[in-house]
Amino acid sequence: MSTAFETHTIHQIPPDQRHGRARDLFAVWFSTNLTLLTVVTGALGPGLFGLSFTWSTIAVILGNLAGAVFMALHAAQGPMLGVPQMVQSRGQFGFYGAVPIIGLVVLMYIGFVASNFVVGGQALYAALPMTGRRSAILLIAVLSLVPCCMGYHTIHAWSKLVSWVAGAVILYCLWLGYEAFPPGTLRDMHGSVAGFFSTFSTAALWQIAYAPYVSDSSRYLPADEAGRRTAFLTTYIGTVVGTALSMILGCMVALQGPGVSVATTLAHLAGRQATPVMIVLSLSIALGNAMSLYGGALSAITVLQTFVPDWRAALRERLVVTCTLVAIALGMALGMADSFMKSYAAFLDLLMAIMVPWTAINLTDYYLLRRGRYDVASFFRRDGGAYGYCNIPALCAYGIGIAIEVPFMQNGFHTGSLARRLHGVDISWVVGLVVTTAFYIRATTTRRRA
């Protein structure tokens with residue numbers, strides 16, 4: 001059992017157990033994005049924001065290129081520090097100060113898992129109607145547990161298989177979508193500035209939302225400079241290519257069947273090949289969900305370990321926490337299955353508010369202020385070691401970052417006063433990044449001088 005299941009949890013990976021190649025991260029992040037949830041997110045451009053296919057595609061590509069920069073910068077932290085991403089947050093926020101941030105991230109993981117359960121269940125039901133809607137969701141939940149429970153090594157191995165199989169299916173569906181386009185589709189340029197920036201922001205946010213667990217998949221890699229650079233490049237290219245292809249397919253699907261679920265439209269588009277196509281895409285969700293569950297379990301263990309510093313979680317504890325997260329996500333999925341798009345849009349808005357300030361603080365601290373030099377042992381000390389119990393400037397920067405985003409937000413549930421003046425253009429995440437970074441640098445340097 002010890003050879004098949006990962007036994008490490010949140011503590012630093014010893015140097016003699018570091019292995020692998022940084023270029024393998026391409027398959028991890030390429031395959032993780034070849035899911036129906038990514039396709040659904042791409043469908044928001046034409047379906048919710050009213051863009052033509054051409055403008056949706058441009059916004060999706062540019063948004064992924066921009067957001068993936070921040071996401072991939074986290075990949076280099078794994079080899080250098082050897083701990084999960086959210087454990088490292090103790091270096092910015094303090095031993096106890098990181099707890100509320102990590103708690104919000106756990107909720108984010110649960111939301112992603114629940115969303116994947118719904119979309120995967122819809123796809124499986126479309127392929128195999130005899131399963132029933134709720135049974136299909138339950139089956140996706142069970143399948144998601146397998147790679148997650150086995151851990152890091154199995155996730156990496158499965159990613160290579162999914163890259164080839166699901167990648168071929170996505171390309172096949174893209175070709176079908178192109179063939180089914182009505183004449184003049186590519187010349188159609190309707191849309192609005194607000195719709196373009198909303199689609200752009202959605203794509204960028206998709207990438208930034210990965211930030212809390214990017215280094216979870218790279219922390220076993222050897223700690224060397226060349227590996228750090230390669231980790232950034234392979235993660236960046238893999239996540240951009242995989243996400244862009246899936247989201248462009250979503251743009252196509254939204255135009256093929258407006259007002260109809262993505263799974264149903266995609267099944268109709270695939271025709272006689274609908275069953276194998278939908279089965280592959282629904283089962284590929286198991287890998288994406290495994291990543292979210294894996295990171296969620298490590299983050300939840302980090303919160304628990306904060307209050308029991310001498311506790312060293314192992315395989316059994318990770319499995320118990322994982323099953324608990326699955327049960328919560330499953331309850332959410334069954335509850336929102338009938339109003340998924342509205343619930344998912346609200347979830348994306350929540351992500352934007354909580355993730356952008358965190359990633360700004362983390363990357364600023366790691367690359368600009370400390371330049372990757374951390375006392376990892378202090379992450380696990382009861383008194384917080386070099387980072388103390390609570391870093392007030394960091395928490396203030398985080399709170400200010402969230403507050404500054406609200407007036408700039410534009411969505412179906414909230415329109416900020418400044419967003420109205422910008423004619424509905426949502427630039428909240430850009431403002432959040434800039435303001436949080438500036439405030440954190442100023443507060444941190446002032447504190448050190450004092």
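Visitor: What should I know about the numbering and the model before I start?

Guide: Residues are numbered from 1 along each chain as its sequence is written, and in this predicted model local features need pLDDT of at least 70, side-chain atom pairs count only at pLDDT 80 or more, and totals for chains, interfaces and linings use all residues. Side-chain values use heavy atoms, with hydrogens and water left out.

Visitor: How many cavities of 30 Å³ or more are there?

Guide: Rolling a probe the size of a water molecule over the atoms shows where empty space is left. On a 1 Å grid over the protein atoms alone, a cavity is a set of points where a 1.4 Å probe fits but cannot get out, while a pocket is an open set with protein on both sides within 12 Å along at least five of seven lines; lining residues have an atom within 4 Å of a point. Grid points are joined across faces, edges and corners, and a volume is the space filled by probe spheres set on the points. Here the count is two cavities of 30 Å³ or more. The largest cavity has a volume of about 90 Å³, and its lining includes Thr-32, Phe-112, Trp-206 and Ser-292. Helices H2 (36-47), H7 (99-127) and H13 (274-307) each supply at least two residues of that lining; helices are DSSP runs (H or I, at least four residues) numbered from the N terminus.

Visitor: Which residues line the second largest pocket?

Guide: Among them are Leu-143, Trp-158, Val-280 and Leu-287, around about 230 Å³ of space. Helix H9 (152-179) and H13 each give two or more residues to this lining.

Visitor: How many disulfides are there?

Guide: A disulfide is a pair of cysteine sulfur atoms within 2.5 Å, and the count here is zero. The sulfur of Cys-251 is too far for a bond because the closest cysteine sulfur, in Cys-173, is 14 Å away. Cys-390 is in no disulfide either, as the nearest cysteine sulfur, that of Cys-396, is 8.8 Å away.

Visitor: Is Cys-251 buried or exposed?

Guide: Buried means under 20% relative accessible area, exposed over 50%, and partly exposed in between (1.4 Å probe, protein chains only). Cys-251 counts as buried because its relative accessibility is 0%, whereas Cys-390, at 32%, counts as partly exposed. Arg-318, in helix H14 (residues 315-336), is buried, with a relative accessible area of 0%.
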